[in-house]
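Open your viewer and get ready to click along.

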Amino acid sequence: MMNNEEYLIKLKKLNELVIMHPNYASVMNEISASYEQHKAIGVPKNILCIGPSGVGKSTLVKQIVNKYKKEALLDTQMHPILIVATPPKPNIRNFAEAFLIALNDPMSSKGGAIEKTSRLNDLLKRKKVKMIIVDELQHFVEHGIGNALREVSDWLKSVSDQSGVSTILIGLEKCEEVFYSNEQIRRRFSQTIELKAFSIEDTEDITIFSSVIRELDNQIGLKNKIDLSEENIERLYYATNGLIDYLIKLLLGALEIAYKEKKKGIDIRLLETAFRSKIWRVCTNESNPFNKAFIPQKLDKPKMPFHVG
(Lines give C-alpha, C1' and ligand atoms only; values in the text may rest on other atoms or scores of the structure.)
Protein backbone atom coordinates (compact mmCIF):
# COMPACT_ATOMS: atom_id res chain seq x y z
CA MET A 1 0.00 0.00 0.00
CA MET A 2 1.23 3.52 -0.70
CA ASN A 3 2.17 5.84 2.10
CA ASN A 4 1.18 9.51 2.18
CA GLU A 5 4.38 10.70 0.50
CA GLU A 6 3.95 8.23 -2.38
CA TYR A 7 0.32 9.28 -2.77
CA LEU A 8 1.24 12.97 -3.00
CA ILE A 9 3.96 12.22 -5.55
CA LYS A 10 1.43 10.35 -7.70
CA LEU A 11 -0.99 13.27 -7.48
CA LYS A 12 1.73 15.68 -8.58
CA LYS A 13 2.83 13.48 -11.49
CA LEU A 14 -0.72 13.03 -12.73
CA ASN A 15 -1.42 16.77 -12.54
CA GLU A 16 1.73 17.60 -14.49
CA LEU A 17 1.54 14.80 -17.06
CA VAL A 18 1.28 15.82 -20.71
CA ILE A 19 0.23 13.05 -23.08
CA MET A 20 1.27 13.66 -26.68
CA HIS A 21 -1.64 11.94 -28.39
CA PRO A 22 -1.78 12.43 -32.21
CA ASN A 23 -4.08 15.48 -32.32
CA TYR A 24 -2.25 17.26 -29.48
CA ALA A 25 1.13 16.55 -31.11
CA SER A 26 -0.13 17.85 -34.47
CA VAL A 27 -1.34 21.15 -32.95
CA MET A 28 1.87 21.50 -30.94
CA ASN A 29 3.94 20.97 -34.09
CA GLU A 30 1.98 23.58 -36.07
CA ILE A 31 2.49 26.25 -33.41
CA SER A 32 6.16 25.33 -33.02
CA ALA A 33 6.59 25.59 -36.79
CA SER A 34 5.10 29.09 -36.64
CA TYR A 35 7.70 30.12 -34.06
CA GLU A 36 10.58 28.46 -35.92
CA GLN A 37 9.60 30.05 -39.23
CA HIS A 38 9.73 33.56 -37.79
CA LYS A 39 12.97 32.81 -35.98
CA ALA A 40 14.63 31.44 -39.13
CA ILE A 41 13.49 33.86 -41.85
CA GLY A 42 11.57 36.62 -40.05
CA VAL A 43 8.29 35.77 -41.77
CA PRO A 44 5.29 35.49 -39.42
CA LYS A 45 2.81 32.62 -39.56
CA ASN A 46 -0.51 33.48 -37.93
CA ILE A 47 -2.86 30.76 -36.67
CA LEU A 48 -6.28 30.50 -35.05
CA CYS A 49 -6.36 27.57 -32.60
CA ILE A 50 -9.79 26.47 -31.37
CA GLY A 51 -11.10 23.75 -29.09
CA PRO A 52 -13.67 23.10 -26.35
CA SER A 53 -13.04 23.92 -22.71
CA GLY A 54 -11.14 21.13 -20.96
CA VAL A 55 -9.34 19.83 -24.04
CA GLY A 56 -5.86 20.96 -22.94
CA LYS A 57 -5.35 24.38 -24.57
CA SER A 58 -3.85 25.92 -21.41
CA THR A 59 -1.47 22.96 -21.07
CA LEU A 60 -0.48 23.42 -24.70
CA VAL A 61 0.38 27.09 -24.15
CA LYS A 62 2.52 26.27 -21.09
CA GLN A 63 4.36 23.59 -23.03
CA ILE A 64 5.10 25.93 -25.93
CA VAL A 65 6.48 28.53 -23.50
CA ASN A 66 8.63 25.93 -21.72
CA LYS A 67 9.97 24.65 -25.04
CA TYR A 68 11.55 28.02 -25.85
CA LYS A 69 12.26 29.51 -22.44
CA LYS A 70 15.97 28.62 -22.69
CA GLU A 71 16.35 31.30 -25.34
CA ALA A 72 15.43 33.92 -22.74
CA LEU A 73 18.17 32.60 -20.44
CA LEU A 74 20.75 33.28 -23.15
CA ASP A 75 19.50 36.83 -23.65
CA THR A 76 17.98 38.45 -20.56
CA GLN A 77 16.45 41.22 -22.68
CA MET A 78 14.53 38.70 -24.73
CA HIS A 79 10.88 37.74 -24.16
CA PRO A 80 10.51 35.07 -26.89
CA ILE A 81 6.82 34.24 -26.41
CA LEU A 82 4.29 36.73 -25.09
CA ILE A 83 1.14 35.25 -23.54
CA VAL A 84 -1.82 37.62 -23.27
CA ALA A 85 -5.21 36.72 -21.81
CA THR A 86 -8.10 38.51 -23.52
CA PRO A 87 -9.80 40.81 -20.96
CA PRO A 88 -13.34 39.70 -19.94
CA LYS A 89 -14.87 42.78 -21.63
CA PRO A 90 -12.27 43.69 -24.23
CA ASN A 91 -11.72 47.19 -25.54
CA ILE A 92 -8.60 48.72 -27.04
CA ARG A 93 -7.47 50.37 -23.80
CA ASN A 94 -7.73 47.32 -21.52
CA PHE A 95 -6.38 44.99 -24.22
CA ALA A 96 -3.32 47.20 -24.68
CA GLU A 97 -2.91 47.22 -20.90
CA ALA A 98 -3.09 43.39 -20.81
CA PHE A 99 -0.25 43.28 -23.36
CA LEU A 100 1.83 45.75 -21.33
CA ILE A 101 1.30 43.81 -18.10
CA ALA A 102 2.47 40.65 -19.86
CA LEU A 103 5.60 42.58 -20.91
CA ASN A 104 6.20 43.67 -17.30
CA ASP A 105 5.73 47.35 -18.10
CA PRO A 106 5.68 49.22 -14.74
CA MET A 107 3.48 51.90 -16.34
CA SER A 108 0.95 49.49 -17.84
CA SER A 109 -2.06 51.36 -16.44
CA LYS A 110 -0.87 54.80 -17.53
CA GLY A 111 -2.10 56.65 -20.60
CA GLY A 112 -4.89 56.26 -23.11
CA ALA A 113 -5.30 53.71 -25.88
CA ILE A 114 -3.02 55.49 -28.36
CA GLU A 115 -0.20 56.04 -25.85
CA LYS A 116 -0.42 52.44 -24.60
CA THR A 117 -0.38 51.06 -28.12
CA SER A 118 2.70 53.12 -29.01
CA ARG A 119 4.50 51.89 -25.90
CA LEU A 120 3.43 48.33 -26.66
CA ASN A 121 4.82 48.39 -30.20
CA ASP A 122 8.13 49.72 -28.88
CA LEU A 123 8.35 47.06 -26.16
CA LEU A 124 7.57 44.22 -28.56
CA LYS A 125 10.66 45.19 -30.54
CA ARG A 126 12.91 45.90 -27.56
CA LYS A 127 11.96 42.63 -25.87
CA LYS A 128 12.62 40.71 -29.13
CA VAL A 129 9.24 38.99 -29.02
CA LYS A 130 9.02 36.26 -31.67
CA MET A 131 5.50 35.04 -31.01
CA ILE A 132 2.33 36.49 -29.48
CA ILE A 133 -0.25 34.06 -28.07
CA VAL A 134 -3.63 35.63 -27.34
CA ASP A 135 -5.66 33.27 -25.12
CA GLU A 136 -9.33 33.24 -24.06
CA LEU A 137 -10.37 34.71 -27.41
CA GLN A 138 -14.01 33.77 -26.74
CA HIS A 139 -14.32 36.93 -24.63
CA PHE A 140 -14.54 38.74 -27.97
CA VAL A 141 -17.59 36.68 -28.85
CA GLU A 142 -19.22 36.72 -25.42
CA HIS A 143 -18.76 40.39 -24.56
CA GLY A 144 -17.73 42.21 -27.73
CA ILE A 145 -20.52 44.43 -29.04
CA GLY A 146 -21.02 45.79 -32.58
CA ASN A 147 -18.52 48.48 -33.52
CA ALA A 148 -16.46 47.84 -30.37
CA LEU A 149 -15.87 44.25 -31.48
CA ARG A 150 -14.68 45.39 -34.90
CA GLU A 151 -12.50 48.16 -33.40
CA VAL A 152 -10.70 45.71 -31.09
CA SER A 153 -10.36 43.18 -33.93
CA ASP A 154 -8.81 45.88 -36.13
CA TRP A 155 -6.51 46.94 -33.29
CA LEU A 156 -5.32 43.37 -32.79
CA LYS A 157 -4.69 43.04 -36.52
CA SER A 158 -2.68 46.28 -36.43
CA VAL A 159 -0.53 45.10 -33.49
CA SER A 160 0.12 41.82 -35.27
CA ASP A 161 1.07 43.61 -38.50
CA GLN A 162 3.33 46.21 -36.87
CA SER A 163 5.15 43.71 -34.67
CA GLY A 164 5.81 41.43 -37.63
CA VAL A 165 5.86 38.37 -35.35
CA SER A 166 3.85 35.17 -35.50
CA THR A 167 0.53 35.53 -33.69
CA ILE A 168 -1.57 32.64 -32.34
CA LEU A 169 -5.18 33.26 -31.34
CA ILE A 170 -6.63 30.64 -28.98
CA GLY A 171 -10.24 30.16 -27.88
CA LEU A 172 -13.42 28.10 -27.95
CA GLU A 173 -14.93 26.88 -31.23
CA LYS A 174 -17.49 29.69 -31.32
CA CYS A 175 -14.64 32.15 -31.95
CA GLU A 176 -14.13 30.96 -35.49
CA GLU A 177 -17.38 32.05 -37.12
CA VAL A 178 -17.75 35.40 -35.32
CA PHE A 179 -14.09 36.44 -35.39
CA TYR A 180 -13.78 35.59 -39.05
CA SER A 181 -16.61 38.02 -39.86
CA ASN A 182 -13.76 40.59 -39.95
CA GLU A 183 -12.40 40.10 -43.47
CA GLN A 184 -8.95 41.51 -42.67
CA ILE A 185 -8.53 39.22 -39.67
CA ARG A 186 -9.73 36.31 -41.80
CA ARG A 187 -6.98 36.97 -44.37
CA ARG A 188 -4.25 37.22 -41.75
CA PHE A 189 -5.38 34.16 -39.79
CA SER A 190 -6.43 31.91 -42.64
CA GLN A 191 -5.05 28.76 -40.99
CA THR A 192 -7.24 27.19 -38.32
CA ILE A 193 -6.14 24.24 -36.20
CA GLU A 194 -8.36 22.42 -33.73
CA LEU A 195 -7.52 20.70 -30.47
CA LYS A 196 -10.31 18.16 -30.23
CA ALA A 197 -12.00 16.12 -27.53
CA PHE A 198 -11.44 12.37 -27.74
CA SER A 199 -14.01 10.33 -29.62
CA ILE A 200 -15.19 6.72 -29.71
CA GLU A 201 -16.70 6.94 -33.19
CA ASP A 202 -14.42 4.34 -34.78
CA THR A 203 -11.71 1.81 -33.97
CA GLU A 204 -8.85 4.30 -34.34
CA ASP A 205 -10.56 6.81 -32.02
CA ILE A 206 -11.19 4.11 -29.42
CA THR A 207 -7.56 2.96 -29.61
CA ILE A 208 -6.27 6.51 -29.03
CA PHE A 209 -8.66 7.17 -26.13
CA SER A 210 -7.92 3.84 -24.44
CA SER A 211 -4.14 4.36 -24.83
CA VAL A 212 -4.44 7.74 -23.07
CA ILE A 213 -6.39 6.13 -20.22
CA ARG A 214 -3.80 3.37 -19.96
CA GLU A 215 -0.95 5.90 -19.83
CA LEU A 216 -2.68 7.76 -17.00
CA ASP A 217 -3.34 4.48 -15.20
CA ASN A 218 0.33 3.52 -15.55
CA GLN A 219 1.32 6.85 -14.01
CA ILE A 220 -1.03 6.16 -11.11
CA GLY A 221 0.92 2.93 -10.70
CA LEU A 222 -1.46 0.82 -8.62
CA LYS A 223 -1.06 -2.96 -8.78
CA ASN A 224 -4.40 -3.68 -10.44
CA LYS A 225 -4.98 -1.87 -13.72
CA ILE A 226 -8.26 -0.34 -14.87
CA ASP A 227 -10.37 -2.80 -16.85
CA LEU A 228 -10.51 -1.27 -20.32
CA SER A 229 -13.25 -3.42 -21.78
CA GLU A 230 -15.29 -1.89 -24.59
CA GLU A 231 -18.10 -1.19 -22.13
CA ASN A 232 -15.81 0.52 -19.64
CA ILE A 233 -14.18 2.67 -22.33
CA GLU A 234 -17.67 3.89 -23.26
CA ARG A 235 -18.42 4.62 -19.61
CA LEU A 236 -15.20 6.62 -19.27
CA TYR A 237 -16.04 8.51 -22.44
CA TYR A 238 -19.54 9.48 -21.27
CA ALA A 239 -18.15 10.42 -17.84
CA THR A 240 -15.61 12.84 -19.31
CA ASN A 241 -17.14 13.80 -22.66
CA GLY A 242 -13.75 12.86 -24.10
CA LEU A 243 -12.06 15.82 -22.38
CA ILE A 244 -8.59 15.24 -20.98
CA ASP A 245 -9.07 17.67 -18.07
CA TYR A 246 -12.12 15.77 -16.86
CA LEU A 247 -10.44 12.41 -17.40
CA ILE A 248 -7.58 13.48 -15.13
CA LYS A 249 -10.03 14.95 -12.61
CA LEU A 250 -11.97 11.68 -12.53
CA LEU A 251 -8.89 9.50 -12.10
CA LEU A 252 -7.45 11.80 -9.43
CA GLY A 253 -10.73 11.45 -7.53
CA ALA A 254 -10.64 7.67 -7.89
CA LEU A 255 -7.00 7.58 -6.74
CA GLU A 256 -7.91 9.62 -3.67
CA ILE A 257 -10.60 7.08 -2.72
CA ALA A 258 -8.27 4.14 -3.47
CA TYR A 259 -5.66 5.65 -1.15
CA LYS A 260 -8.12 6.21 1.68
CA GLU A 261 -9.58 2.72 1.34
CA LYS A 262 -6.21 1.04 0.76
CA LYS A 263 -7.29 -0.43 -2.57
CA LYS A 264 -4.91 -2.06 -5.03
CA GLY A 265 -6.53 -0.55 -8.09
CA ILE A 266 -9.28 1.62 -9.52
CA ASP A 267 -12.51 -0.24 -10.22
CA ILE A 268 -15.99 0.73 -11.39
CA ARG A 269 -17.25 1.41 -7.85
CA LEU A 270 -14.45 3.89 -7.20
CA LEU A 271 -15.10 5.57 -10.55
CA GLU A 272 -18.81 5.83 -9.77
CA THR A 273 -18.05 7.56 -6.47
CA ALA A 274 -15.38 9.79 -8.03
CA PHE A 275 -17.74 10.87 -10.82
CA ARG A 276 -20.34 11.96 -8.30
CA SER A 277 -17.84 13.78 -6.05
CA LYS A 278 -15.60 15.39 -8.69
CA ILE A 279 -17.73 15.91 -11.81
CA TRP A 280 -21.48 15.86 -11.13
CA ARG A 281 -22.53 15.97 -7.49
CA VAL A 282 -26.29 15.80 -8.14
CA CYS A 283 -26.30 13.04 -10.76
CA THR A 284 -28.83 10.23 -10.45
CA ASN A 285 -27.96 6.57 -10.85
CA GLU A 286 -29.40 6.74 -14.37
CA SER A 287 -27.03 9.59 -15.25
CA ASN A 288 -23.88 8.20 -13.59
CA PRO A 289 -21.93 6.33 -16.31
CA PHE A 290 -20.51 3.85 -13.81
CA ASN A 291 -23.83 2.84 -12.27
CA LYS A 292 -25.61 -0.25 -13.61
CA ALA A 293 -28.74 1.86 -14.12
CA PHE A 294 -26.96 4.32 -16.45
CA ILE A 295 -28.76 5.12 -19.67
CA PRO A 296 -26.05 5.56 -22.35
CA GLN A 297 -26.07 9.20 -23.46
CA LYS A 298 -23.81 12.21 -23.80
CA LEU A 299 -24.16 14.38 -20.71
CA ASP A 300 -24.33 17.67 -22.60
CA LYS A 301 -27.96 18.67 -22.20
CA PRO A 302 -29.02 21.66 -20.04
CA LYS A 303 -28.19 21.15 -16.32
CA MET A 304 -25.72 18.38 -17.24
CA PRO A 305 -21.96 18.79 -16.65
CA PHE A 306 -20.93 19.17 -20.29
CA HIS A 307 -23.67 21.48 -21.48
CA VAL A 308 -22.35 24.45 -23.44
CA GLY A 309 -24.64 27.46 -23.39
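**Stop 1: a strand residue**

Select T167, which is buried with a relative accessible area of 2%; buried means under 20% relative accessible area, exposed over 50%, and partly exposed in between, using a 1.4 Å probe and protein chains only. The model is predicted, so local features need pLDDT of at least 70 and side-chain atom pairs count only at pLDDT 80 or more, while totals for chains, interfaces and linings use all residues. Residues are numbered from 1 along each chain as its sequence is written, and side-chain values use heavy atoms, with hydrogens and water left out.

T167 sits in strand β4 (residues 166-171). Strands (E, at least two residues) and helices (H or I, at least four) are DSSP runs, numbered from the N terminus. Which residues touch T167, leaving aside its neighbours within four places in sequence? Show K45, N46, I47, I132, S160 and F189: T167 is in contact with them, contact meaning heavy atoms within 4.5 Å.

**Stop 2: helix α1**

Now select residues 4-16, which make up helix α1. Colour Y7, K10, L11 and L14, the buried residues of α1. They lie on the same side of α1, because they cover an arc of only 100 degrees around the axis, the arc being that of the directions from the helix axis to the C-beta atoms. An α-helix has 3.6 residues a turn, so residues three or four places apart point the same way. The buried residues of α1 pack against α10 (203-220) and α12 (244-260). Turn to the other side of α1 to find E5 and E16, which are exposed.

**Stop 3: aromatic rings**

Rings of Phe, Tyr and Trp (its six-membered ring) pair if their centres lie within 6.5 Å; planes under 30 degrees apart count as stacked, over 60 as edge-to-face and the rest as tilted. By this rule there are 11 aromatic pairs. Y7 and Y259 form a stacked one, 4.2 Å centre to centre with 5 degrees between the planes. This pair joins helix α1 to helix α12, across 252 residues of the chain. Y7 is buried at 9% relative accessibility, whereas Y259 is partly exposed at 22%.

Next, select F275 and F290, an edge-to-face pair with 6.5 Å between centres and 70 degrees between planes. F275 is buried at 0% relative accessibility, and F290 is buried at 3%. Finish with F198, F209, Y237, Y238 and F294, which ring pairs link into a cluster.

Note on methods. Expected span 1.5 Å × (residues − 1).
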